[in-house]
Amino acid sequence: LTNTAIVDFNPSTSSLDYRWVGIYGTYNRVDHCYFSGKNNQGPLMIIWRGNDHAQDFHQIDHNYFGDLYSGSYKRETIRIGDADGSLSPSSSLITQNLFLRCTGSPDTISVKSSSNQLRGNTFDSCDGILTLRHGRNNTV
């Protein structure tokens with residue numbers, strides 16, 4: 001997904017759980033995109049891990065994430081994996097992204113897998129944090 005904008009795309013019911021971007025498979029890249037104004041339940045972007053929990057090597061870089069949510073649980077900006085596959089390596093790279101006014105969750109980025117690299121990202125006026133919730137061998 002390259003050079004794409006998703007702005008204020010919201011269902012009328014704010015409790016509806018949905019995502020703007022779901023990443024499956026291996027070696028996918030999301031770059032130079034603009035995401036702004038998501039205010040419904042569910043992460044904006046999620047890297048889904050396969051049942052075999054094999055490495056997926058995704059890259060999320062040079063994106064703008066801004067003006068997201070009105071604080072609530074389960075509204076991460078980016079989530080990598082889930083608790084079930086947390087000890088298996090995703091080996092994904094999250095780099096050079098701008099997070100501005102992302103206030104939807106205690107976790108702006110929630111890492112629930114292993115062997116990921118998160119570097120060179122900027123967080124400005126965000127209520128949440130980068131959380132290494134599950135997994136091992138992640139580098140920040």
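Modeller: Start with one term. Two strands pair if DSSP finds at least two bridges between them. Keep in mind that this is a predicted model.

Five strands form an open sheet in the order 2-5-8-11-14, with parallel pairing. Strand 2 (21–23) and strand 14 stand at the edges. Each has a single partner strand, so one side of each lacks a neighbour in the sheet. From one strand to the next, the twist averages 15 degrees. What holds such strands together? Strands of a sheet pair through backbone hydrogen bonds, either parallel or antiparallel.

Strand 2 pairs with strand 5 in the parallel sense, over three bridges.

Move along the order to strand 8 and strand 11. Strand 8 covers residues 78–81 and runs parallel to strand 11, with four bridges joining them. Look for isoleucine 80 here: its bridge partner in strand 11 is valine 111.

How many of its residues are buried? Strand 11 spans residues 107–112, and six of its six residues are buried. Buried here means under 20% relative accessible area. In a regular strand the side chains alternate between the two faces of the sheet.

Strand 11 also runs parallel to strand 14 (residues 129–134), and five bridges join the two. Serine 110 has threonine 131 in strand 14 as its bridge partner. Strand 14 brings us to the other edge named above.

Histidine 53 sits in the loop between strand 5 (45–47) and strand 6 (59–61). Its phi is near 55 degrees, a positive value in a residue other than glycine. Is histidine 53 buried or partly exposed? The relative accessible area of histidine 53 is 24%, so this residue is partly exposed.

Histidine 62 comes in the loop between strand 6 and strand 7 (64–68). Histidine 62 is not a glycine, yet its phi is positive, at about 55 degrees. With a relative accessible area of 38%, histidine 62 is partly exposed.

Go on to isoleucine 80 and valine 111. Finish at serine 110 and threonine 131.

Key. Residues are numbered from 1 along each chain as its sequence is written. This is a predicted model: local features need pLDDT of at least 70, side-chain atom pairs count only at pLDDT 80 or more; totals for chains, interfaces and linings use all residues. Side-chain values use heavy atoms; hydrogens and water are left out. Buried means under 20% relative accessible area, exposed over 50%, partly exposed in between (1.4 Å probe, protein chains only). Axes are lines fitted to C-alpha atoms, for helices over the stretch in contact, and angles run from 0 to 180 degrees between N-to-C directions.
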